[in-house]
Amino acid sequence: MISTAGPPHTDDDWWRSAVVYQVYVRSFADSDGDGTGDLQGIRHRLPYLRDLGVDALWLTPFYTSPMVDGGYDVADYRDVDPMFGTLADFDAMITDAHALGLRIIIDLVPNHTSSAHRWFTAALATGPGSPERARYLFAEGQGAHGELPPNDWESIFGGPAWTRIADGQWYLHLFDPAQPDLNWRHPEVRAEFEDVLRFWLDRGVDGFRIDVAHGMIKADGLPDVGFSTITTGQRQVELLGKGRLPYFDQDEVHEIYRAWRPILDSYPGGRMAVAEAWAETPQRLARYIGPDELHQAFSFDFLDATWSADSFRKVIDTALAEATVVGAPTTWVLSNHDKQRHVTRYGDGAEGLRRARAASLLMLALPGCAYLYQGEELGLPEVLDLPDELRQDPAFLRTGESRDGCRVPIPWSGEVAPYGFGPAGSELSWLPAPTTWRALSVAAQTGVPGSTLELYRAALRIRHAHPALALDADGVTWLESGPGVLAFSRTAGDTTLTCVVNLSGAPVLIDGYGQPLVASDTLTGQGSGHLLPVDAAAWLERH
Ligand code: BGC
Ligand code: MG
């Protein structure tokens, strides 16, 4: 058995087993009919989230921003963009959320600011060598006249990671040119973000999702990677999560988190942080978490696992083992605003949906914390056929890859698009929902037995109430199972819950695990056992 037991738990440990629901603010609910989701929209929908059974919300950036990268280009870290509302709306939203027992995690974007941030406009206004430029990564170019970038680094969004300005200097942007990278070796940068943390902690936030948590420190001397799309045809970004790059996962980045942790710990109620970090190995990823750094790091290996029992088994075992070493919980995720939705990744259509539902039951039975992405509880697929002219992802123009298809506004109700995203009668939504989403809306699925929404509601209800899925229950015990089948149990006292997932090509007989509690597909009886269909998962309980 792989143990996940740790020290005795208190309410401060809520994050260790929480189910966190990611709200992509722009696309969740639009209160004022301008076609863009907003904080008041979230506030009105809080009862839906409470009834769904999640513990916390993670809100993507809602700060003042030119919205070049969906708000991950922050111009003012201490204010709300007018398109999303006001600070007063934020306060009202968090007050209501807390009253409903929902915690609020917000997104912190420390690797880069927007080029519209006052620091960057000051850096441009002053000359090379100025203190204002020292907060960013400005450098001279190579070549006889400095006409070549300072090194071979590539932007994650494609093309060189450097842009030249009028006076001849270049500045680094690992993402869009409108997202200049900060110099985290500068004390003012560190002080600023510690203050930003306190600003939001004082407003009551329960945690932070740290954007590009592996990126803030760049290797001394800004050395070349050694290959690039131009020289070898391989994009540097393909090494993400597989290899080392001089601009990611540098040891010194951990000093930043060791400075942040005491700040989080100085507030009551278990304030936490989750890293969006990509590292070469699960071992290096685990270095971001633990009692003196961050609380969690997403297991993107789980998200990247292919639809096979071996693939899932391997990433689950590795993640559980690494988490145990550092005494932190595992952090599971299947979809987010950067990745193709898991319905589509697993094959799309009816097959993709079946598999997505099964994978979700698998995830929710595992020890640790699980992050859901808005709309996965409705079984939404990726929208693959958005017209190019509507796509807004800055990566699209540079690489042809676009993350817009997982960011289409949520269908809530009604017969016509955008299906209740805005107030009654509003026809606007910043991306159009496909007509097939009429049948997938919250209203269309509510109370419908077997709907994906009711499956999530049932699973979350059980997860909360069942002792074998509680924080202090045992870890994962793998059971003998046929090829292509995953089966594990978790036990508390004399109650055992078994999760079985059928990734094989034929129905499997599940016998001896007890009474089914919930299943992603219809089980048929056979003697004392049940037949679990292909691409399905079930939870069963035995005393
Ligand atoms: C966020 C992306 C964003 C990028 C740059 C990512 O990790 O999740 O949506 O484009 O950081 O901030
Ligand atoms: Mg709006």
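Two strands are said to pair when DSSP finds at least two bridges between them, and the strands themselves, like the helices, are DSSP runs numbered from the N terminus, with at least two residues (E) for a strand and at least four (H or I) for a helix. This is a predicted model, in which local features need pLDDT of at least 70 and side-chain atom pairs count only at pLDDT 80 or more, while totals for chains, interfaces and linings use all residues. Residues are numbered from 1 along each chain as its sequence is written, chains are lettered from A and ligands numbered from 1 in the order in which they are written, and side-chain values use heavy atoms, with hydrogens and water left out.

**First stop: a three-stranded sheet**

Select β17, β20 and β19, which in that order form an open sheet of 3 strands with antiparallel pairing. Its edge strands, each pairing on one side only, are β17 (508-510) and β19 (524-526). If you colour β19 and β20 (529-532), you will be looking at an antiparallel pair joined over 3 bridges, in which Thr-524 stands opposite Leu-531.

**Second stop: strand β21**

Now select β21 (residues 536-542), where 6 of the 7 residues are buried, so the strand is largely enclosed by the rest of the structure; buried means under 20% relative accessible area, exposed over 50%, and partly exposed in between, with a 1.4 Å probe and protein chains only. Strand β16 (495-502) runs antiparallel to β21 and is joined to it by 7 bridges, with Val-501 having Ala-537 as its bridge partner. Strand β18 (515-519) is also antiparallel to β21, through 4 bridges, and there Pro-516 stands opposite Leu-540.

Strands of a sheet pair through backbone hydrogen bonds, either parallel or antiparallel. For the parallel kind, select the open sheet of 8 strands, whose order is β11-β10-β9-β5-β2-β1-β13-β12. At its edges are β11 (296-297) and β12 (331-333), each pairing on one side only. Within this sheet, 4 bridges join β1 (19-23) to β13 (369-373), and Val-19 stands opposite Ala-370.

Helix α4 (187-202) lies across β5 (103-108) and β9 (207-210), at about 155° to β5.

Which residues supply the protein donors of the magnesium ion (ligand 2)? They are Asp-30 (OD), Asp-32 (OD), Asp-34 (OD), Thr-36 (O) and Asp-38 (OD), lying 2.2 to 2.3 Å from the ion, where donors are N, O and S atoms within 2.8 Å of the metal (3.2 Å for Na, K and Ca), and sites may look incomplete, as water is not among the atoms. Asp-30 counts as buried at 3% relative accessibility, whereas Asp-32, with 49%, is partly exposed.

The structure holds 31 aromatic pairs, where rings of Phe, Tyr and Trp (its six-membered ring) pair if their centres lie within 6.5 Å, and planes under 30 degrees apart count as stacked, over 60 as edge-to-face and the rest as tilted. Show Trp-153 and Tyr-247, whose ring centres are 5.0 Å apart with planes at 55°, so the pair is tilted. Trp-153 is in the loop between β6 (138-139) and β7 (162-164) and Tyr-247 in the loop between α5 (229-232) and α6 (253-265), 94 residues apart, and both are buried. Then select Phe-157 and Phe-175, an edge-to-face pair with centres 5.3 Å apart and planes at 70°.

For a charge over a ring (NZ of Lys or CZ of Arg within 6 Å of the ring centre and within 35 degrees of the ring normal), select Arg-26, whose charged end sits over the ring of Trp-430, 3.7 Å from its centre.

**Last stop: backbone details**

Finish at the peptide bond from Ala-417 to Pro-418, which is cis, with omega near 5°. Tyr-419 has a positive phi, near 55°, in a residue other than glycine; Tyr-419 is found in the loop between α12 and α13 and counts as buried at 2% relative accessibility.

Note on methods
Contact = heavy atoms within 4.5 Å. Axes fitted to C-alpha atoms, helices over the stretch in contact; angles between N-to-C directions.
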